[in-house]
Amino acid sequence: MSMVVGRALRLGMDRRWVYLEPEDWDALDAIAGLEGRTVDELCSAIDETRPRTVALGGTIRLFLTAYKAALGAGFSTSGRTAEDRWVH
């Protein structure tokens, strides 16, 4: 089992601790860079779309899975190919 790492995120005016595996934090850092956002901005957007009955950490993990699947399906951002981007 992988060790989880906690980080404080600023979501709008709130600060929230989220615990994810290091690989998930690396993926969020990479995706935020590709999207031209900070990790806080990216997680704030994810937080705005989640049902309140679902934990933020779980929603972020689902986002990472969906993003990876979109890249694998050939979707691209910033004109880059999937090989140029993070694929875990």
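Author: Y67 is buried, at 11% relative accessible area. Buried means under 20%, exposed over 50% and partly exposed in between, with a 1.4 Å probe and protein chains only. This is a predicted model: local features need pLDDT of at least 70, side-chain atom pairs need 80 or more, and totals for chains, interfaces and linings use all residues. Numbering starts from 1 along each chain as its sequence is written, and side-chain values use heavy atoms, leaving out hydrogens and water.

Rings of Phe, Tyr and Trp (its six-membered ring) pair when their centres lie within 6.5 Å; planes under 30 degrees apart are stacked, over 60 edge-to-face, and the rest tilted. The count comes to two aromatic pairs. W17 and Y19 are stacked, because their centres are 6.3 Å apart and their planes stand at 25°. W17 is exposed, at 54% relative accessibility. The pair of F63 and Y67 is tilted, with 5.7 Å between centres and 45° between planes. F63 is partly exposed, with a relative accessible area of 22%.

F63 and Y67 sit four residues apart in helix α3, so about one helical turn separates them. Residues three or four places apart in an α-helix point the same way, because such a helix has 3.6 residues a turn. Helices (H or I, at least four residues) and strands (E, at least two) are DSSP runs, numbered from the N terminus. Here the order is β-β-α-α-α.

A nonpolar core is a set of buried Ala, Val, Leu, Ile, Met, Phe, Trp, Tyr and Cys residues joined through side-chain atoms within 4.5 Å. The largest one has 19 residues; I60 is among those that touch the most other members, along with L9, V18, W25, L28 and C43. β1, β2, α1, α2 and α3 each give two or more residues to this core. α1 has the largest share, six residues. Contact means heavy atoms within 4.5 Å. Beyond its neighbours within four places in sequence, I60 contacts V18, L20, L28, C43 and I46.

C43 and I46 bring us to α2. This helix spans residues 39–49, and its buried residues are V39, L42, C43, S44, I46 and D47. They pack against β1, β2, α1 and α3.

D47 is the charged one to follow. It is buried, at 9% relative accessibility. A salt bridge puts a side-chain nitrogen of Lys or Arg within 4 Å of a carboxyl oxygen of Asp or Glu. The structure holds six. D47 bridges to R16 at 3.6 Å, N to O. That pair links distant parts of the chain: D47 lies in α2 and R16 in β2, 31 residues apart. R16 is partly exposed, at 29%. R52 also bridges to D47, with the closest N and O atoms 3.2 Å apart, and R52 is exposed, at 55%. For R50 and D47, the closest N and O atoms are 2.6 Å apart. Together R16, D47, R50 and R52 form a network of salt bridges.

R50 lies in the loop between α2 and α3, yet it is buried, at 11% relative accessibility. Its side chain also reaches the backbone oxygen of V54 at 2.5 Å. Not counting residues up to four places away in sequence, R50 touches R16, A55, L56 and T59.

Conventions: A polar contact is a pair of N or O atoms within 3.5 Å; within protein, one must be able to donate a hydrogen and the other to accept it, and residues adjacent in sequence count only if both atoms are side-chain atoms.
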